[in-house]
Amino acid sequence: MALLLRTLARQGVCLSKPQYSIFYRHAVPMGTTAKDEMNKFWDKNARLNRPMSPHLTIYKWSVPMMMSITHRGTGVGLSGAISAFAVAALVLPGSYPYYLDLIHSLSVGPYLIGLAKFGIAFPVSYHTYNGIRHLCWDIGKGFKIPEVYRTGYTVIALSVVTSIALAML
Amino acid sequence: MTQQLHPGNAGDLGWCIIMAAIVRLSSVCRRGITPLFYQSTLLARPLVVPHKHQEQPHLLTARIHSSQALHAGSGSKAASLHWTAERALSIMLLAMGPVAYFSPGPVMDYSLAAALTLHGHWGIGQVITDYVHGEPKVKLAKAGLFLLSTVTFAGLCYFNYNDVGICKAVALLWSK
């Protein structure tokens, strides 16, 4: 299985870079790790007090870019919500059903409850579906640009549909 | 330069011991997959030279990152193992959703607490690596994260033990 994947992927890699003119026997391995090099980069540029070049403000935003940062945003948001819940569990005196009834008693109608459910369901759905898309990338599948967009739109559609379905439960 | 074992890696190593069975299973696939991404400059056969470069009198040299397979022992596998463990945990968490729905209870409550906390801890760890630079700031951020994750896990376990538990909590929330 691994051999098959390796053979297939190596074929793909060979065919994708025909313009290499580097002779293998003159390739010199570096003595530093990527982590070391990154640290050196940041140390030097911080020491010289260099400003950062504009990037987010000038580069044209694309759907894959927005989906990527949304994946990160939902991840951080969900993690924060779980941590907040855990801290509340430790700090607040009452029990969970008590607080649930409290919230229920001051809600202003079914639409707000539905909206709240959608608000919880959407980040979970999006992060889950996009997470599966990430795992597909991790096994090497779906990197061609049309595939990236197709899977991206599928994730968005699935997330919206799943969240609406869950909110209506 | 070898990667030293520092507090972050030691903590990850602990989790890796827990994940040892999964890592062993995935190691067969891993060796076949992860070397791919940096072996593109290390093909075992000579590359085809395009016509316009054949007239060059001198040979080009390239400085490349060596793969772990070729320089055994010259680097630590901690980063690679961490990567695999992150994906294994993600897959486990995916499976836990339906299982928790069909078999709610204390086993799923505590499993979810552990898996969610660890997935979040490693995820925020990647965010810190991306945006926080400079050794003292990174150390501070990682320490803060460790504290947050510990409190989160403690709080979730407390909730599972003294209150209704995660599975029941979600069910109750949705029954409103």
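Predicted model: local features only at pLDDT ≥ 70, side-chain atom pairs only at ≥ 80, totals over all residues.
Me: Where does B:H119 sit, and what does B:H119 touch?

Reply: B:H119 belongs to helix α4 of chain B, which covers residues 106-131. Leaving aside residues up to four places away in sequence, B:H119 touches A:H127 of chain A together with B:L89, B:S90 and B:L93. A UniProt annotation from an unreviewed entry, "binding site", covers B:H119 as well, although such annotations may be inferred rather than shown by experiment.

Me: Why is B:C167 called buried?

Reply: The relative accessibility of B:C167 is 12%, and the term buried applies under 20%, so B:C167 counts as buried. The residue lies in helix α6 of chain B, residues 166-174, and, not counting residues up to four places away in sequence, B:C167 touches B:A100, B:P104, B:G105, B:M108, B:D109 and B:L112.

Me: How do you know that the helix α3 of chain B spans about what is expected of it?

Reply: Helix α3, residues 78-102 of chain B, has 25 residues and reaches 36 Å from its first C-alpha to its last, which is close to the 36 Å expected at 1.5 Å a residue.

Me: Where does α3(B) bend, and which proline follows?

Reply: The bend, about 30°, is at B:M96, and the proline B:P98 follows within four residues.

Me: What makes up chain B as a whole, and how much of chain B is buried?

Reply: Chain B has six helices and one strand, arranged from the N terminus on as α-α-β-α-α-α-α. Of its 176 residues, 34% are buried, and the chain exposes about 10700 Å², of which carbon and sulfur atoms supply 69%.

Me: How do you know what structure the residues 148-168 of chain A adopt?

Reply: The span is 100% helix and 0% strand, and its end C-alpha atoms lie 30 Å apart. UniProt, in an unreviewed entry, places the feature "transmembrane region" at residues 148-168 of chain A, and also at 75-96 and 108-127. For residues 75-96 of chain A, the span is 82% helix and 0% strand, with end C-alpha atoms 24 Å apart.

Note on methods
Residues numbered from 1 in each chain as written. Chains lettered and ligands numbered in written order. Heavy atoms only, no water. Helix = DSSP H or I, 4+ residues; strand = E, 2+ residues; numbered from the N terminus. Expected span 1.5 Å × (residues − 1). Bend = angle between axes of the 7 residues up to and from the residue. Buried < 20%, exposed > 50% of the residue type's maximum accessible area, 1.4 Å probe, protein only. Contact = heavy atoms within 4.5 Å. Areas by Shrake-Rupley, 256 points an atom, 1.4 Å probe, with all protein chains shown as cover.
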